[in-house]
Amino acid sequence: MWMLPGQNQSWVSEFILLGFSSDPTTNSILFIVFLLIYLCSVLGNGLIIMLICLDTQLHTPMYFFLCILALLDMCYVTTTMPQMLVHLLAHSQTISFAGCWLQMFVFGALGMTECTFFVVMAYDRYVAICYPLRYTVILNWGLCIWLAAGTWICGFFFSVLHTFFTMSLPYCGPNKVNHYFCEGPSVRSLACMDIHLIEMIDLVLSVFVVVTPISLIVASYICIAMAILKIKSTQGRCKAFSTCASHLTVVTFFYGPCTYIYMRPNSSYSPERDKQISLFYNAFTALLNPVVYSLRNKDIKRAFLKVMGYFWTMGSFYSS
């Protein structure tokens, strides 16, 4: 704590992240579990990025967007998991006020970017299925880059607003955050003033970042479903649907928990439940993406075998 000059009031200079448990044995088990989840998430998404960059046959708009999604997931999970792993083993679980501010901003920026980026991926599927012959003409590389850049700009812009309104609140009393990272609602609950107005502002931001993208995704898939129903052959319908199944799976696992955390009324706030639910859109979604997109994608499997074959050939050449 430190004293604000001219006032007889203490202000928080650091927060304590309570995490999941105070029991050392439980924390040791959680450390191993979350370490495996983190490593699999980073390695899996890193592998997708490497395969798409190395295989020229994957240099298409769909895989360009998938590459960006993998990059987002790698960065997203890295903003919270390494610190959580340290806190599971360390005696001190503190984070500075500035560190909390930075973590909330980066986490929010990447999360909001991913929210809007799913709309771009839905649009990609819409064009691919509804206008297959004009796919590369409509989604040219210039438009792809602008769409990707636009989602990053929107994500960071909304995160600045979210973080500014949350961290500009006066924190003059409790500093124990009942969470494993500095998430907005959990930190905001410690403010020593009425936060009703800030919650309303955050709700408006959530409408732009969560409700609007979901509405656009639903609209896209309604058009896609109508286009699929017009396909006469059953095989053609199944093939068209399979190209969307992976995206729909990931969107469901990401938006479901996000909607609950940021769109629910404040009266239903439950720290313990929120910590568990936030793991889904923070850790498990990043782990799920490589599994969903690799197991259901023949092009990714082919690229993987091709790269492994190349490295095997090079290894055999140098060993001989």
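The link of cysteine 172 and cysteine 192 is right-handed, with 140° about the S-S bond. Its sulfur atoms lie 1.9 Å apart. A disulfide here is a pair of cysteine sulfur atoms within 2.5 Å. Cysteine 172 sits in the loop between α6 (141–167) and β5, and cysteine 192 in the loop between α7 and α8 (196–229), so the pair ties together parts that are 20 residues apart in sequence. Helices (H or I, at least four residues) and strands (E, at least two) are DSSP runs, numbered from the N terminus.

The model is predicted: local features need pLDDT of at least 70, side-chain atom pairs count only at pLDDT 80 or more, and totals for chains, interfaces and linings use all residues. Residues are numbered from 1 along each chain as its sequence is written, and side-chain values use heavy atoms, with hydrogens and water left out.

## Disulfides and other cysteines

The structure holds two disulfides. A disulfide is a covalent bond between the sulfur atoms of two cysteines. The link of cysteine 100 and cysteine 182 is left-handed, at -125° about the S-S bond. Counting bonded cysteines along the chain, the disulfides follow the pattern 1-3, 2-4.

Burial is judged by relative accessible area: buried means under 20%, exposed over 50%, and partly exposed in between (1.4 Å probe, protein chains only). Both cysteine 100 and cysteine 182 are buried.

| Residue | Relative accessible area | Class |
|---|---|---|
| Cysteine 172 | 15% | buried |
| Cysteine 192 | 36% | partly exposed |
| Cysteine 130 | 24% | partly exposed |
| Cysteine 258 | 4% | buried |

## The chain as a whole

The chain has 11 helices and five strands. Its C-alpha atoms fill a box of roughly 75 × 55 × 30 Å, taken along the principal axes. Of its 320 residues, 45% count as buried. Contact means heavy atoms within 4.5 Å. Among contacts with a separation of 6 or more, 77% come from residues 24 or more positions apart.

The chain carries 16 positive and 13 negative charges, whose mean positions are 18 Å apart. Lys and Arg count as positive and Asp and Glu as negative; His and the chain ends are not counted. Each charge is placed at NZ of Lys, CZ of Arg, CG of Asp or CD of Glu.

## Annotated spans

An unreviewed UniProt entry places the feature "transmembrane region" at residues 29–54, 61–81, 101–123, 135–161, 203–229, 241–262 and 277–295. Such annotations may be inferred rather than shown by experiment; feature names are shortened and positions follow the numbering used here. In the model, residues 101–123 are 100% helix and 0% strand, with end C-alpha atoms 33 Å apart. Residues 135–161 are 93% helix and 0% strand, and their end C-alpha atoms lie 36 Å apart.

Tyrosine 135 lies in helix α5 (residues 135–138). It is buried, with a relative accessible area of 12%. Beyond neighbours within four places in sequence, tyrosine 135 contacts Pro61, Met62, Asp124, Arg125, Val127 and Ala128. Its C-alpha atom is 8.5 Å from that of aspartate 124, 11 residues away along the chain.

Valine 218 is in helix α8. It is partly exposed, at 45% relative accessible area. Valine 218 and alanine 122 are 96 residues apart along the chain, yet their C-alpha atoms are separated by 8.9 Å.

Serine 21 occupies the loop between β3 (14–17) and α1 (24–54). Not counting residues up to four places away in sequence, serine 21 touches Thr26 and Asn27. Serine 21 and leucine 88 are 67 residues apart in sequence and 8.5 Å apart in space, C-alpha to C-alpha.
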